[in-house]
Amino acid sequence: MNKVTFKTDLCKGCGLCEEACPKKIVKLNPDKLNAKGYNVAEVSDEDMAKCIACAMCARMCPDCVITVEKN
Amino acid sequence: MATVFKKPHALTDKPLHYCPGCTHGIVHRLVAEVLDEMGIEGETIGVAPVGCSVFAYDYFNCDVIQAPHGRAPAVATGVKRARPDRFVFTYQGDGDLAAIGTNETVHVGTRGENITVIFINNAIYGMTGGQMAPTTLPGQVTQTSPYGRNVATQGYPIRVCEMLATLDGVAYAERVAIDGVPGIMNAKKAIRKAFETQKAGKGLSFVEVLSTCPTNWGMTPKDAIKWLKENMESYYPLGCYKDKE
Ligand SMILES: Cc1ncc(C[n+]2csc(CCOP(=O)(O)OP(=O)(O)O)c2C)c(N)n1
Ligand code: SF4
Ligand code: SF4
Ligand code: SF4
């Protein structure tokens, strides 16, 4: 399975990754804040199977939060 | 597992201080990706401006000097002439490059200094709280143009890329935009081309990057990208304005 990981403490909840994902599986979690106080972006475990490892989310992220691995 | 994307080595681990969704971070990363890909991190010297990117020295793993407001091209000229074996780039906003530093910008071009200038055009002064810049669009509301920029009293925006392309010392000038992933890929190609131009010793290489300032535009980061696409790209057409053989 492809894998997208988020350095959540760096996330600023800007949502640009959400918009960029062609599979619409990157989402801001309304119930989860990081230490900076931002709602963080994530991909749920069940959605991860839909990831095509295109790295669109990561390329759009201004804060280098996202790492993408292909398998 | 093969890594498809990770933070480039030429960026440090320091968290960026930029506002959420500010495209400065994306352009920093693109410069760093190019340094990684060309393998020149250890032989590159950057010059940071005054403006939101004043702390760029904390973010790049290469050496970076911070210049007085608008003077980055003058500082970079000195660095490059003292160390012609190094890659030298400046990273400047539109208040820095097109207002207080216009003189330096024009003359670094006309002298054909063999350096690379990365120009962030976000149509506003970011750091100081959103005042009108020379690049502010006609009708655009800012802190100092609350009724919209009036060209009758405040003049017209400067198209820096087109202006510099007329100078014989300028080897490469291209305008790109952070308006989505394809635009980001294109911007990276232009930044790579600029450093290659410097490597070939052809003269000044200049990349203007249309960028967003969600905070001072008063928009969400997503809306800011949309606004850039719909408003800035018609006034500032994307494309290559100069590519010397
Ligand atoms: C000599 C001098 N004049 C004025 C200032 C105030 N000042 C700080 S940043 C800035 C403009 C920043 O705008 P820009 O270059 O567009 O960069 P941004 O913050 O938008 O990235 C100004 C006028 C200063 N620091 N030094
Ligand atoms: S790698 Fe592509 S498909 Fe996977 S989460 Fe990121 S944008 Fe979506
Ligand atoms: S683009 Fe980056 S900083 Fe913005 S929400 Fe996504 S992961 Fe967080
Ligand atoms: S003020 Fe504008 S340019 Fe400066 S960091 Fe914030 S969004 Fe970016």
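## Extent of the interface

In this predicted model, 27 residues of chain B are in contact (heavy atoms within 4.5 Å) with 29 residues of chain A. Together the two chains bury about 2,300 Å², of which 66% lies on carbon and sulfur atoms; buried area is the accessible area (1.4 Å probe) that two parts lose on being put together, summed over both. Met1(B), Phe5(B) and Lys222(B) supply 31% of the area that chain B buries against chain A, more than any other three residues.

Residues are numbered from 1 along each chain as its sequence is written, chains are lettered from A in the order in which they are written, and side-chain values use heavy atoms, with hydrogens and water left out. Local features need pLDDT of at least 70 and side-chain atom pairs count only at pLDDT 80 or more, while totals for chains, interfaces and linings use all residues.

The interface holds 1 salt bridge by the rule used, namely a side-chain nitrogen of Lys or Arg within 4 Å of a carboxyl oxygen of Asp or Glu. Glu18(A) and Lys222(B) form this link through their side chains, at 2.8 Å from N to O.

On the side of chain B that touches chain A, strand 1 gives the most, with 4 residues. Helices (H or I, at least four residues) and strands (E, at least two) are DSSP runs, numbered from the N terminus.

## Strand pairing between the chains

Strand 4 (residues 66-70) of chain A pairs with strand 1 of chain B in the antiparallel sense over 3 bridges; pairing requires at least two DSSP bridges between two strands. Within this pairing, Val68(A) stands opposite Phe5(B).

## The sheet of chain B

Chain B has an open sheet of 7 strands in the order 3-2-4-5-7-6-8, with mixed pairing. Strand 3 (63-66) and strand 8 (239-243) stand at the edges with a single partner strand each, so one side of each is left without a neighbour in the sheet.

Strand 6 (residues 170-177) and strand 7 (residues 204-210) of chain B run parallel and are joined by 7 bridges. Ala173(B) has Phe206(B), in strand 7, as its bridge partner.
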